[in-house]
2 protein chains.
Amino acid sequence: MSIYRALSERFARIATIGEASAILGWDEAAMMPDGGAASRGDQLAALAGVIHDMLTDPKLGDDLAAAEPLDDDWQQTNLALMRDRHKRAVCLPGDLVEAIAKASSSCERIWRSARQDSDFKAVAPALGELLALTRQAAVALGEALNLSPYDALMSQYQRGISSKDVEPIFANYETFLREALPQAEAIQAGRNAPAAAPPQVPVALQEALCRTLAQQAGLDFTAARLDRSMHPFCGGIPSDIRITTRYDESDYASALMGVLHETGHALYEAGLPKNFARQPVGEASGMATHESQSLIIEMQAVRSDAFLDYLSPLLHRSFGGDAETFSPAALRARLRHVERSFIRVEADEMTYPAHVILRFRLEQALISGDLQVADLPGAWNEAMQSLLGITPPDDRRGCLQDIHWYAGLVGYFPSYTLGAMAAAQLMAAARQAVPGIDHGLAHGDFGPLRGWLRANVHGYGSRYGFNELLVKATGKALDPVDFQRHLASRYLAVS
Amino acid sequence: MSIYRALSERFARIATIGEASAILGWDEAAMMPDGGAASRGDQLAALAGVIHDMLTDPKLGDDLAAAEPLDDDWQQTNLALMRDRHKRAVCLPGDLVEAIAKASSSCERIWRSARQDSDFKAVAPALGELLALTRQAAVALGEALNLSPYDALMSQYQRGISSKDVEPIFANYETFLREALPQAEAIQAGRNAPAAAPPQVPVALQEALCRTLAQQAGLDFTAARLDRSMHPFCGGIPSDIRITTRYDESDYASALMGVLHETGHALYEAGLPKNFARQPVGEASGMATHESQSLIIEMQAVRSDAFLDYLSPLLHRSFGGDAETFSPAALRARLRHVERSFIRVEADEMTYPAHVILRFRLEQALISGDLQVADLPGAWNEAMQSLLGITPPDDRRGCLQDIHWYAGLVGYFPSYTLGAMAAAQLMAAARQAVPGIDHGLAHGDFGPLRGWLRANVHGYGSRYGFNELLVKATGKALDPVDFQRHLASRYLAVS
């Protein structure tokens with residue numbers, strides 16, 4: 001057996017154990033009774049330990065060092081990604097990994113009550129400790145990978161784009177927003193008053209429509225489930241996808257948009273290259289690319305004029321009540337509404353990047369040491385004022401709102417906005433390449449769009465990093481202009 | 001750290017990975033879409049491989065050999081059970097384990113269609129191959145454990161009782177049945193005609209009552225779930241129990257009895273000694289003991305006069321309709337009905353042991369080589385004729401009905417009847433020790449029975465083998481007289 005073949009088998013075994021963790025993670029959120037929590041933590045930690053042991057096995061390192069360059073580009077990329085994983089696993093001392101695991105779990109627990117009480121001081125010491133450990137890991141990772149500490153953290157979530165690429169893009173967006181947001185608000189205010197409150201819709205009806213639309217978008221329920229959880233997500237594995245949502249009877253759109261968002265993630269997973277299943281190169285290329293796939297479905301396709309025209313009568317048929325509340329105009333008013341707000345996860349697509357820019361800058365300063373934990377609430381509120389012109393009334397609606405930092409996730413936030421921008425860029429390219437996309441959406445047919453995404457994004461797995469993939473698919477690296485054009489046409493055109 | 005302590009940590013890690021498998025096994029049966037099947041097989045195999053690697057690790061063997069005898073009896077038993085597991089894992093050559101895994105999976109697949117077509121010849125070659133491999137494993141296990149090949153197989157499912165103990169007990173039962181069954185049938189025939197067909201009951205109402213009664217029996221839904229699957233079972237782990245059932249709107253009793261049966265298994269798991277959680281001695285003592293705990297709830301408690309009197313008005317309140325169909329007499333006629341039948345899993349408690357005796361004898365002959373696979377259908381039908389006086393019209397209702405042999409499970413069947421007999425023996429002892437048991441059941445209160453079971457069975461984990469545990473709890477090893485007394489009072493008393 002060739003060394004490469006032996007390596008592939010080892011990585012397939014690692015991936016298979018990772019699949020077990022993925023299903024258990026879904027179960028934890030969607031099914032597990034409270035009593036199982038402590039044991040589940042142990043189970044996931046034990047599996048992570050098994051994977052870590054396999055990745056740091058000296059025999060694996062020897063094989064990786066001995067492997068010859070391969071003629072096949074996919075295999076060669078696969079080998080490079082194997083080496084990257086091994087390097088990341090061995091460069092962190094075991095006691096640091098353990099200390100981070102303990103500190104995250106403790107900090108996250110403290111954060112839950114601190115957020116509830118809007119009491120930043122209560123969690124500040126734990127956050128300080130966790131950030132100090134995260135910084136140590138960032139330095140070690142950065143040395144091994146030849147990246148700055150912050151880029152080393154960012155690269156855990158998305159390879160192929162660095163903070164140096166992101167900074168000008170975000171600065172450019174800040175400038176755009178400063179003009180665009182007041183304009184959009186003025187146009188919005190000039191329209192008729194927003195439609196009446198949406199009707200109450202029983203959960204069973206919502207769920208049935210969510211299933212229908214997810215299926216229309218391309219989700220294959222012989223290889224997927226839709227369930228409920230507190231925080232919606234897409235989990236599982238490519239052949240057994242588990243998406244979740246939550247239902248609110250007084251706001252049917254939230255589950256519907258949520259399910260279609262998760263369906264976008266699911267289509268990516270389902271479309272990954274099967275001949276590299278369970279290999280590093282066969283996985284999704286990162287969180288920014290993943291987010292581009294959820295947002296191209298939710299924001300670009302589903303909220304398009306074409307699809308809303310299709311959705312309008314379908315909603316009325318499915319939910320009954322007053323047709324007027326489901327008119328295309330009412331849907332546009334409801335689903336494309338800009339508003340300066342405090343909470344990232346509730347933000348519209350125009351203001352959302354401001355929330356991300358704020359976090360991107362603050363987390364860089366926290367890792368570099370330019371910002372002390374004690375000064376975080378003040379820095380947060382100043383940045384909100386500067387970016388959106390509003391100041392959170394308390395830290396619950398400020399620096400305590402997101403779990404990420406308190407769970408040790410630093411470098412993740414940019415992915416959300418990189419994904420939103422990439423979604424616009426990919427949609428523009430897809431529309432150019434496939435003229436039938438909007439015609440399809442107007443008839444509830446996602447096929448033309450999905451076909452293009454499968455060929456130009458999903459099927460590449462991790463063959464390319466973020467910007468490389470965009471160059472392949474759209475002819476250029478991430479370019480904020482497509483996203484701004486998208487926003488301008490949706491929010492800045494007086495209709 | 002003492003050697004024993006280090007061993008405990010290793011076994012805790014092994015058990016933790018086993019927990020992950022348990023949850024994934026439940027998911028496979030209760031949740032997984034079809035698309036996940038192949039990947040799930042790989043995931044479970046990978047985890048089994050990890051566990052096997054850990055159990056056969058030479059360092060583990062060295063520690064087990066070096067460990068000193070311990071003063072604490074529980075710890076000493078734990079150490080003995082650790083050694084037993086290690087021995088079982090190392091005595092089987094890796095290629096034999098792999099060959100058995102492949103042959104079982106292939107044979108089971110062929111069996112599914114062979115059963116459907118009632119075509120034994122189609123599966124005979126695969127069964128022959130699997131049995132040959134099973135025999136090899138039995139010989140290797142037997143040599144390592146100083147047991148006969150068949151007892152070595154039996155000991156995988158239940159320690160503390162051997163085929164030499166079982167043979168006279170089963171022979172004795174055969175004699176009992178030869179007289180008792182015709183008597184019971186005559187008494188049954190002499191009663192009024194059986195009640196009208198049970199009412200149709202919507203699944204939602206059935207499920208609600210199943211939950212209520214499982215909870216009353218002691219199932220804690222903050223640490224358990226009830227779901228649906230094709231074949232009902234109790235899975236999961238002590239702090240996160242997963243029971244399943246299936247509902248039939250035209251036969252409400254089947255889900256109800258099924259859920260209470262699985263609840264009996266669940267109470268055993270939940271009552272295992274917490275200070276030995278994840279240790280071999282902290283696990284259930286085997287499948288026969290486990291079956292005694294499901295049957296003491298389902299057969300002994302729930303079908304008792306006391307509980308049926310309680311259940312009667314509750315069923316009427318819960319399901320509505322004609323009170324007469326839920327009268328205590330109607331329930332007794334329905335839930336305590338003897339009948340010679342072909343299918344083990346549908347058999348009543350009096351004829352069930354005949355199905356097990358048949359399998360016990362035939363599987364011994366298959367392993368010893370006294371019975372050839374080609375002769376199995378004939379031997380099966382002869383034995384059915386001899387034991388119950390009926391001959392299956394086809395192999396689907398004969399030797400093709402059960403999955404066990406076709407999945408490589410030989411030595412398991414006796415557990416069902418040993419459990420049924422132990423349940424009667426334990427119930428007799430419990431009634432003697434705790435006078436309030438039937439008074440409790442008459443008020444829907446399982447507390448007195450459960451308390452006795454927890455103290456005398458559940459809390460012992462694997463501290464004792466099957467017969468030892470019975471001696472501790474009832475003063476004697478398995479004695480078929482208690483089960484026969486139970487049957488006589490239920491089926492042979494002219495009311």
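This is a predicted model: local features need pLDDT of at least 70, side-chain atom pairs count only at pLDDT 80 or more; totals for chains, interfaces and linings use all residues.

Trainee: Let us begin with chain B. At what angle do α4(B) and α6(B) pack?

Mentor: Helix α4 of chain B, residues 73–91, packs against helix α6 of chain B, residues 120–145, at an angle of about 140°. Their axes are 9 Å apart. Because of that angle, α4(B) is oblique to α6(B).

Trainee: Is the crossing left-handed or right-handed?

Mentor: The crossing of α4(B) past α6(B) is right-handed.

Trainee: And which residues make the contact?

Mentor: From α4(B), the contact uses D84(B), K87(B), R88(B) and C91(B). From α6(B), A140(B), L141(B), A144(B) and L145(B) take part. By class, the contact of α4(B) with α6(B) has five nonpolar residues and three charged ones, with no polar residues.

Trainee: Switching to chain A, what does α2(A) do with α4(A)?

Mentor: Helix α2 of chain A, residues 37–56, packs with α4(A) at about 110°, and the two axes are 8 Å apart. The angle is why α2(A) counts as roughly perpendicular to α4(A).

Trainee: Which residues meet there?

Mentor: H52(A), L55(A) and T56(A) of α2(A) meet R85(A), H86(A), A89(A) and V90(A) of α4(A). The contact of α2(A) with α4(A) divides into three nonpolar residues, three polar residues and one charged residue.

Trainee: Now salt bridges. How many does the structure hold?

Mentor: Over all chains, the structure holds 70 salt bridges. One of them joins the side chains of D84(A) and R88(A), at 2.8 Å from N to O.

Trainee: Where do D84(A) and R88(A) lie?

Mentor: Both D84(A) and R88(A) belong to helix α4 of chain A, residues 73–91. They are four residues apart, about one turn of the helix.

Trainee: On to the sheets. What is the strand order in chain A?

Mentor: Chain A has an open sheet of three strands in the order β1-β3-β2, with mixed pairing. Its edge strands are β1, residues 224–228, and β2, residues 234–237, each of which pairs on one side only. Neighbouring strands of this sheet are turned by 20° against each other on average, direction ignored.

Trainee: Do β1(A) and β3(A) pair in the parallel or the antiparallel sense?

Mentor: β1(A) pairs with β3(A), residues 240–245, in the parallel sense, over five bridges. Within β3(A), I243(A) is the bridge partner of L226(A).

Trainee: And what about the sheet in chain B?

Mentor: Chain B has an open sheet of three strands, with the order β1-β3-β2 and mixed pairing. The edge strands in chain B are β1, residues 224–228, and β2, each pairing on one side only. From one strand to the next, the twist averages 20°.

Trainee: What packs on that sheet?

Mentor: Helix α10 of chain B, residues 252–270, packs on the sheet and touches β1, β2 and β3 of chain B. The direction of α10(B) makes about 160° with that of β3(B).

Trainee: Finally, in which sense do β2(B) and β3(B) pair?

Mentor: β2(B), residues 234–237, and β3(B), residues 240–245, pair in the antiparallel sense over four bridges. These two strands form a hairpin with two residues between them.

Trainee: Which residue is the bridge partner of I237(B)?

Mentor: The bridge partner of I237(B) in β3(B) is D240(B). G236(B), in turn, stands opposite I241(B) in β3(B).

Methods: Residues are numbered from 1 along each chain as its sequence is written. Chains are lettered from A and ligands numbered from 1 in the order in which they are written. Side-chain values use heavy atoms; hydrogens and water are left out. Axes are lines fitted to C-alpha atoms, for helices over the stretch in contact, and angles run from 0 to 180 degrees between N-to-C directions. Angles under 35 degrees count as roughly parallel, over 145 as roughly antiparallel, 65 to 115 as roughly perpendicular and the rest as oblique. A crossing is left-handed if the near helix is turned anticlockwise from the far one by less than a right angle, and right-handed if clockwise. Contact means heavy atoms within 4.5 Å. Ala, Val, Leu, Ile, Met, Phe, Trp, Tyr, Cys and Pro count as nonpolar, Asp, Glu, Lys and Arg as charged, and the others, Gly among them, as polar. Two strands pair if DSSP finds at least two bridges between them. A salt bridge is a side-chain nitrogen of Lys or Arg within 4 Å of a carboxyl oxygen of Asp or Glu.
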